[in-house]
There are 2 protein chains.
Amino acid sequence: MLIVQKYGGSSVANAERIRRVARRVTDVRAEGHDVVVVVSAMGDTTDDLIHLVKEITDYPPERELDMLLSTGEQVSIALLAMAIKDLEKPVISLTGAQVGIMTDNVHTKAKILNVNTSRLQNELEQGNIIVVAGFQGVNNVNDITTLGRGGSDTTAVALAVALKADLCEIYTDVDGVYTADPRLVPDARKLDAVSYDEMLELAHLGAVVLHPRSVELAMQYGLPLHVRSSFNHNLGTIVKEAAGMEKSLLVTGVAYDLDVARIGLFNVFDKPGIAYKLFKTLADERVNVDMIIQSAMRDDRNDIAFTCSQGDLKRALEVVEKLQPELGSSGYTSDSGVAKISIIGAGMVSNPGVASLMFEAIYEQGINLEMISTSEVKISCIIKADEARKAVRALHKKFNLAKGIDC
Amino acid sequence: MLIVQKYGGSSVANAERIRRVARRVTDVRAEGHDVVVVVSAMGDTTDDLIHLVKEITDYPPERELDMLLSTGEQVSIALLAMAIKDLEKPVISLTGAQVGIMTDNVHTKAKILNVNTSRLQNELEQGNIIVVAGFQGVNNVNDITTLGRGGSDTTAVALAVALKADLCEIYTDVDGVYTADPRLVPDARKLDAVSYDEMLELAHLGAVVLHPRSVELAMQYGLPLHVRSSFNHNLGTIVKEAAGMEKSLLVTGVAYDLDVARIGLFNVFDKPGIAYKLFKTLADERVNVDMIIQSAMRDDRNDIAFTCSQGDLKRALEVVEKLQPELGSSGYTSDSGVAKISIIGAGMVSNPGVASLMFEAIYEQGINLEMISTSEVKISCIIKADEARKAVRALHKKFNLAKGIDC
């Protein structure tokens, strides 16, 4: 078999953990499998580098940020390759550029366009374990790009797809995907399987187990992912097509995201092109807008509200300020202290009662809803950030997620 | 003018120093010059990385060492580029691979074969200041190589040669090349100019101002180097052809090297091929042999002694042990605690009296000579390491180097 494994930053945070990952990798190799290992930067490396940047400039060019941050994974792959070699297995480390992970030119948030597998194939044929730097690629002018935080998951899935791997294992510091964050909800239950759709919503919603783009890519190519812990040998959670899974459950899990900022515009013109103008400009400034809500207030005026990450808030407000005359808005508000709470479940699509159950649970806690947004497999609410934990516990209980039965 | 500048690790050791280098670079740019800047890894980065390696393995593969250590310079170039951009000058950072510094395959000690200038030319035409990672290159299979410690000097000279630069400035933490180490000899004098030959011997002998390969390369292409301090604007020392320089002086400077180990073999066969066998095998094991002395003891037997760096001693002794039967030696000794003391001067070639003055100075200090070796422009002696400082001071005095007149 050809197995692609991905280890996150906490799994390679120090020399001892790197040696442990090396043993895991060589054990799999000893069973006769080909192994490609994708690793992230060691523990706090990225934060340390960002700290250095802040001592130098408030406006680092994004190309240079990529040049800087990509060194974190390069350190990891070199050290892991040394540890594997120390166990007397043939091994070679490769950067994103050396692998041939071709991306677009959007520095710090690049998308993979293509993976050139010739060097990988060649190294596998020579019997090497391959250790690949996650999170990074190279654009068409040979400049280093990065895929955004958590991009190592995407690297692993892209390599598994390109190499037609038999298995793609995502190692992390938890046992798998849970019905809610186990640190928050003590009786949260590990799911044996979850659908791509549900995982996609979970990842987007801040359960932060898998990078959403990696799930999209896996779904697109039908590649099952095994999310499991690098600290034990327990089976984790399989992410795959919905068929034959815990479909009957209305709600599969509860997710929350504390990195949310909310912006509301009052009384914008009600005419074609207004939303386009606003969200196109935000996209051009690379503000990742998440929820969008528009509601008619009067005949010729609308309110528009949207959320983004707290890090994007400043840029978003600059856009809003600049566009005010064009949008005709009478003013705007913003709040950097909100959270998004969501319930996810492939079974909820045909059951309108789920939403009211959710609102009931939140109401019972005396929590006010600031925004609501729904999709086929999830319902999300914006509430005050300091009430997020209470809301998650209440929802987990309301939907009986600890027992895995319908409410 | 096109100016290539090189800044060592101490010049970019922290954010504040990086910002200072950025100001220096942009000042030169503001005068209308094109600038290519070569930087080393920040301060202790390389040592920190080596420390990590030691926690993982005693036998790191050299390819992976290069993969690891090259990240140090990559961090420096990204941060310096950010600092320059913060001063509102157009700038781009490039790794050795991106520049196209092609090397051979000898990892950790690679030699530059060729510099592809197309990207450099292109970035200069676009008005960019270019910040290049020193110390590193790329081999013919796109693997990262490093040029050995101090290799950033070689990078700077190679770029200056390839770009036909008007000036190559090597910034360091001292004001230039001195008649002796100023920390050891308080009245040591800064030299305004020094010849390539003398600088080559000075560098080889541990004055550690310039990497010897950079001097060889500069000499080969007749490129003058300006060695100066990054902490002030004083003129430093020009390294150039001997013509018109302080030739009349018998002795230009005193150098010492404390990183020396000595190995002596007794009674080896006196027949053709013995020295070849020994030193070929040492070279194959990448032991850098420095001084070699052979002397006939009896009709059919010789003693052979040589020196290498202390880090190479273990490998050298393994070679000697293995070859003993073939060499016929009756035994060997080694000493890791010796130093090499040398006097350098282009004027000494035709003056045999210099050697005896040197030996006199050393004898007056009661120091024993363990090995002696001479060349056209230098005389070197191996003595006990703990007597090195005393010997340097005595020689500086004996040759009146503080005053710059002949003795």
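**Notebook: helix packing and the A–B interface**

The model is predicted: local features need pLDDT of at least 70, side-chain atom pairs count only at pLDDT 80 or more, and totals for chains, interfaces and linings use all residues. Residues are numbered from 1 along each chain as its sequence is written, while chains are lettered from A and ligands numbered from 1 in the order in which they are written.

I looked up the axes of α1 (residues 15-30) and α3 (residues 62-86) of chain B, which come within 9 Å and cross at roughly 60 degrees. The axes are lines fitted to C-alpha atoms over the stretch in contact, with angles from 0 to 180 degrees between N-to-C directions. Helices here are DSSP runs (H or I, at least four residues), numbered from the N terminus.

I then listed the residues that meet: B:Ile18, B:Arg19, B:Val21, B:Ala22, B:Val25 and B:Thr26 in α1(B), against B:Leu79, B:Leu80, B:Ala83 and B:Ile84 in α3(B). Contact means C-beta atoms, placed from the backbone, within 7 Å.

Next I turned to the two chains. I found 28 residues of chain A in contact with 28 residues of chain B. On the chain A side, α3(A) gives the largest share, 14 residues.

A rotation of 180 degrees with 0.1 Å of shift along its axis superposes chain A on chain B, RMSD 0.1 Å, by least squares on C-alpha atoms of residues with pLDDT of at least 70 in both. The copies are thus related as by a two-fold rotation axis.

Methods: Contact = placed C-beta atoms within 7 Å. Helix = DSSP H or I, 4+ residues; strand = E, 2+ residues; numbered from the N terminus.
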